[in-house]
Amino acid sequence: MKNAIMLAVVAGTIGAFAGTSVESKPVGFVIRDAATEDATKPVRELVAVPFAGLDGAAIKVADVLASTELAEGDSLYAFDKANDRYNAWKYGGTAWEPTKTLVKDANGRFAAEGPDTELTEIPAGTAVWLERADATKPVVLVGRKAETPAPEVGAGWNLCCNAGVEKVAVSNLNGVASGDIVIVPTAGAPIRYAKKDGEWGFNKETTTVDSHGEHTSVAWTTEDAAIPAGQGFWLVREEN
């Protein structure tokens, strides 16, 4: 899967995107290309919710994504940490409709239940899983630039994002502490960042080919320990 991300902040009107016209407001947009070699299969990506709503810290589900490149059947999954569940919406061609909640059963597996029809907003600074029916087109995230979008971080798994215009070193992420694990989903295996000997790094897999064949090695590295712009990630914190 190839990801091309562009994040910018502009001044003007976002009426064409979110259906609401607000003049002279700081407005942002992210264009994210989720192109894949096999566009017949849904592609699920963890994308940032870097912007606030027009009138508060949370943004309405209907306003997170511009509809220009969405396809009927696209789905959003937002993690509800307080209730340890996912809330899901599906795009019907003109609007997002709540479809189900995914709640953990006694075996720790997520089971589908009825939708939470009263939940209509997603906090800025978190991230959502976007599952696409057609992954050949980019998607556009829009909204007002949030001052300091940062969700509350507690013990367990926390869904966060890089809401900046450039990649951010893991060591510079707000609220990240020693002992935390930062997990970034990728097209392949997820990258797990941890702090070792005072520096953040990860186990990097390298493949080389010589006359004897292909060889794969894994080594700890602190190079490029960073979160790309517009990327969602898990911050895992141990119980106190």
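Analyst: A salt bridge is taken here as a side-chain nitrogen of Lys or Arg within 4 Å of a carboxyl oxygen of Asp or Glu. The model is a predicted one.

User: How many salt bridges does this rule give?

Analyst: Side chains of opposite charge can pair when their charged atoms come close. With the 4 Å cut-off between nitrogen and carboxyl oxygen, the number of salt bridges is 6.

User: With which residue does E121 form a salt bridge?

Analyst: E121 belongs to strand 10 (residues 121-123), and its partner, 61 residues apart from it, belongs to strand 5 (residues 58-60). The closest N and O atoms of the pair are 3.9 Å apart, and the partner is K60.

User: Is R85 buried or exposed?

Analyst: R85 meets D116 in a salt bridge of 2.8 Å, N to O. R85 lies in strand 7 (residues 85-91) and D116 in the loop between strand 9 (110-113) and strand 10, so the pair ties together parts 31 residues apart in sequence. Buried means under 20% relative accessible area. Because R85 has a relative accessible area of 17%, R85 is buried.

User: Which residue meets K167 in a salt bridge?

Analyst: K167 lies in the loop between strand 13 (156-161) and strand 14 (168-169), and its partner in the loop between strand 18 (213-221) and strand 19 (226-227), so the pair ties together parts 57 residues apart in sequence. At 2.9 Å, N to O, the partner is D224.

Definitions and conventions
Residues numbered from 1 in each chain as written. Predicted model: local features only at pLDDT ≥ 70, side-chain atom pairs only at ≥ 80, totals over all residues. Heavy atoms only, no water. Helix = DSSP H or I, 4+ residues; strand = E, 2+ residues; numbered from the N terminus. Buried < 20%, exposed > 50% of the residue type's maximum accessible area, 1.4 Å probe, protein only.
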